[in-house]
Amino acid sequence: MQNWINLLAKFKQKQTPVALITVTKCLGSTPCTIGSRMLVTKNKEIHGTIGGGKLEFNIIDEAIIALKENRIIESFYTLGPEFEQCCGGKVELIIEPMNLSPELFLFGAGHIGIEISKLLVDTPFKVNLLDSRDNWFSNIELDESTTIHQTNETNFKTFKDAIKWGDNCYVLVLTHNHNIDFDIITMALQNETKFLGLIGSKTKKVRFNNMLINEMNIEAGMSNVVCPIGLEIGGNTPKEIAISVVAQLLQVHYKM
């Protein structure tokens, strides 16, 4: 495949998930050579080739699985009648999903939100920290890897276009205002997320559940929202709560 590095760079710039397929070993007669590469998107758009035919058809399906499950897949094929080929060679490949790092949109830069942001430094998560309070970030020191979004309450409620919804989108709602919390939860439930969490008590969950069903016509209510957030590890200081929440996010990411 020509210019595959440039193609990968373009996909990365657009944050488009793509699977990189590389032939790692060829034995005997095969339709490809070691180092042959192909890129596959979630929509089965392909760039390059590993030789065509049924082998390539099967590998494209495996690439979709790798993207869906966000995991590296190693495959081994013997090219015989099953693949409608008589060359009889053997091919080994590796399929690597790209641009699938989890991205967290954390609404509310209070004590717990700040601690969560700090704890997620040097993890797979890209962190976006959002707050609607005026000049709120002026005296807060955060790692340069954390993206800050200063907005106002009106934009806070309609931040739909700024969030990269999808299977790698994580949303945590920890604002200073329950009405804002409800608006963000309502918005998020109408889009795709990997994880949607709300800080609060069981009473708050029940109240929001009734409001979502009765006022917003969202029949599932809070059934797709994690509330309260965090693993039950004990401790109730902001840092301890943040540790429990970060542990939960990593648990979901690594599918533990």
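The questions and answers below go through the fold of a predicted model.

In this predicted model, local features need pLDDT of at least 70 and side-chain atom pairs count only at pLDDT 80 or more, while totals for chains, interfaces and linings use all residues. Residues are numbered from 1 along each chain as its sequence is written, and side-chain values use heavy atoms, with hydrogens and water left out.

Q: How many helices and strands does the protein have?
A: Helices (H or I, at least four residues) and strands (E, at least two) are DSSP runs, numbered from the N terminus. Counted in this way, the protein has 7 helices and 10 strands.

Q: What is the radius of gyration of the protein, against that of a compact globule of 256 residues?
A: The radius is taken over C-alpha atoms, and the globule rule is 2.2 Å times the number of residues to the power 0.38. The C-alpha trace spans about 65 × 40 × 35 Å along its principal axes. A compact globule of 256 residues would come near 18 Å, but the protein has 23 Å.

Q: What is the strand order of the open sheet with parallel pairing?
A: Two strands pair if DSSP finds at least two bridges between them. Strand 6 (residues 103-107) is joined to strand 7 by 5 bridges, and 5 bridges also join strand 6 to strand 9. Strand 7 pairs with strand 8 (residues 147-150) over 4 bridges. The order of this sheet of 5 strands is 8-7-6-9-10.

Q: Which residues in strand 7 and strand 9 are the bridge partners of Glu103?
A: Strand 6 runs parallel to strand 7 and parallel to strand 9. In strand 9 the partner of Glu103 is Cys169. In strand 7 the partner of Glu103 is Lys126.

Q: What is the hand of the β-α-β crossover from strand 6 to strand 7?
A: The chain leaves strand 6, passes through helix 3 (residues 111-119) and reaches strand 7. A crossover is right-handed if, with the strands pointing away from the viewer, the path from the first strand over the helix to the second runs clockwise. This crossover is right-handed.

Q: Why is strand 7 (residues 126-131) largely enclosed by the rest of the structure?
A: Buried means under 20% relative accessible area, exposed over 50% and partly exposed in between (1.4 Å probe, protein chains only). Strand 7 is largely enclosed because, of its 6 residues, the number buried is 5.

Q: Which elements do the buried residues of helix 3 pack against?
A: The buried residues of helix 3 are Ile112, Gly113, Ile114, Ile116 and Ser117. Contact means heavy atoms within 4.5 Å. These residues pack against strand 6, strand 7, strand 9 (169-173) and helix 7 (238-253).

Q: Which strands are the edge strands of the antiparallel sheet?
A: This open sheet of 5 strands has the order 3-2-1-5-4. Each edge strand pairs on one side only. The edge strands are strand 3 (46-48) and strand 4 (73-78).
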